[in-house]
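Come along and follow each entry with the structure beside you.

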Amino acid sequence: MKNFKLLLSACVMMLLVCASCKNSTKEAAMVTITPDLTYWDLQGPVKHCNEVEFDNQGTMVSIGGYNPFSIEQAYREMDGDDFVEFSKWERDEEGHIASVTGIEGMSEYTWNDGRVVSAAGFEEGTVWKNDYEYDTVGRLVKLMEYIGGFEDEEDELPLWSTSEFSYLEFDSHGNWIRRAVKVTMADMENTEEYEETRTIEYYE
C-alpha cells in the first residue's frame, strides 16, 4: 500500500509538471503584442493576416511571399505584363519598423508609447506626411494625410484628406476583421465611404 501511494504521488507530480510545461509552451507561442504586430494593428498568436506572415514570436517574416528585411535594396520583377516591386524594410534599434524604401520613394515612421504616431516620405515628385490618432484602447480612429511638393516644408504641407475609422466586427482574439472608413477631402466637397475586411489565421 505504501509503495502504491508513492507511485500514485509520483504520477500526479509528473502530470502536473507536464501540464505546466505544456501551458508554458502554449503561453510562449501566444504572444499578445510585439512592435511588428502593433504596426499591423494586431494582437495574439497571429500566423497570417492577409498577405503578411508572422512567426510564433510575433515577428513579421514575409509580405507578399518575400522577406522585406532580408534584401539589400528594393527591386522590381516582371509578373506577366506588369512589374512587381519588392521594397526594403528596416527596423530601428528597438525593433520598431522604421522605414520602407521602394524604387521611387521612401517612408519613415515615428513611434511613441509603442505606436506609430506619424509617417513621412516622398514618392514620384511629391512629399507627404501622415498623422495618426488612436482611441483609449489603442485602435486607429483618424488618419490625416498631408501632400505637397519638394518646395514645401514638411511641417507646412497642405492637408489632403482625413480618414475616420469605426469598427464593425472583431474575432475571438480581439482583432478587427471588418471596419468602416470615411474619407473626407480637404476641400470638404468630396467624401468616400467604404468597408475594409481582413482574414487572420492564428497559431494553435
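Entry one, on surface charge. In this predicted model, I found a patch of negative charge on the surface, where Glu77, Asp79, Asp81 and Asp82 gather. I then followed one of these residues, Asp82, and placed it in strand S5, which covers residues 82-86. Is Asp82 buried or exposed? I noted a relative accessibility of 52% for Asp82, so it counts as exposed, the cut-off being over 50%.

Entry two, on backbone angles. I kept in mind that most residues other than glycine have a negative phi. I located Asp113 in the loop between strand S8 (105-112) and strand S9 (115-123). Its relative accessible area is 75%, so I wrote down Asp113 as exposed.

I turned next to Glu124, another residue that is not glycine, and its phi is positive too, near 50°. Glu124 sits in the loop between S9 and strand S10 (126-134). With 61% relative accessibility, Glu124 counts as exposed.

I found Ser161 in strand S12, residues 159-170. Ser161 has 2% relative accessibility and therefore counts as buried, since buried means under 20%. What does Ser161 touch beyond its neighbours within four places in sequence? I listed Leu143, Met144 and Glu145, then Val183, Thr184, Met185 and Ala186. I also checked Tyr146: it is 15 residues from Ser161 in sequence, and their C-alpha atoms are 7.1 Å apart in space.

Terms used:
Residues are numbered from 1 along each chain as its sequence is written. This is a predicted model: local features need pLDDT of at least 70, side-chain atom pairs count only at pLDDT 80 or more; totals for chains, interfaces and linings use all residues. Side-chain values use heavy atoms; hydrogens and water are left out. Patches are made of residues with over 30% relative accessible area and no salt bridge: like charges are joined within 9 Å, nonpolar side chains (Val, Leu, Ile, Met, Phe, Trp, Tyr) within 5 Å. Accessible areas come from the Shrake-Rupley method with a 1.4 Å probe; for residues, only the protein chains shown count as cover. A salt bridge is a side-chain nitrogen of Lys or Arg within 4 Å of a carboxyl oxygen of Asp or Glu. Lys and Arg count as positive and Asp and Glu as negative; His and the chain ends are not counted. The place of a charge is taken as NZ of Lys, CZ of Arg, CG of Asp or CD of Glu. Helices (H or I, at least four residues) and strands (E, at least two) are DSSP runs, numbered from the N terminus. Buried means under 20% relative accessible area, exposed over 50%, partly exposed in between (1.4 Å probe, protein chains only). Contact means heavy atoms within 4.5 Å.
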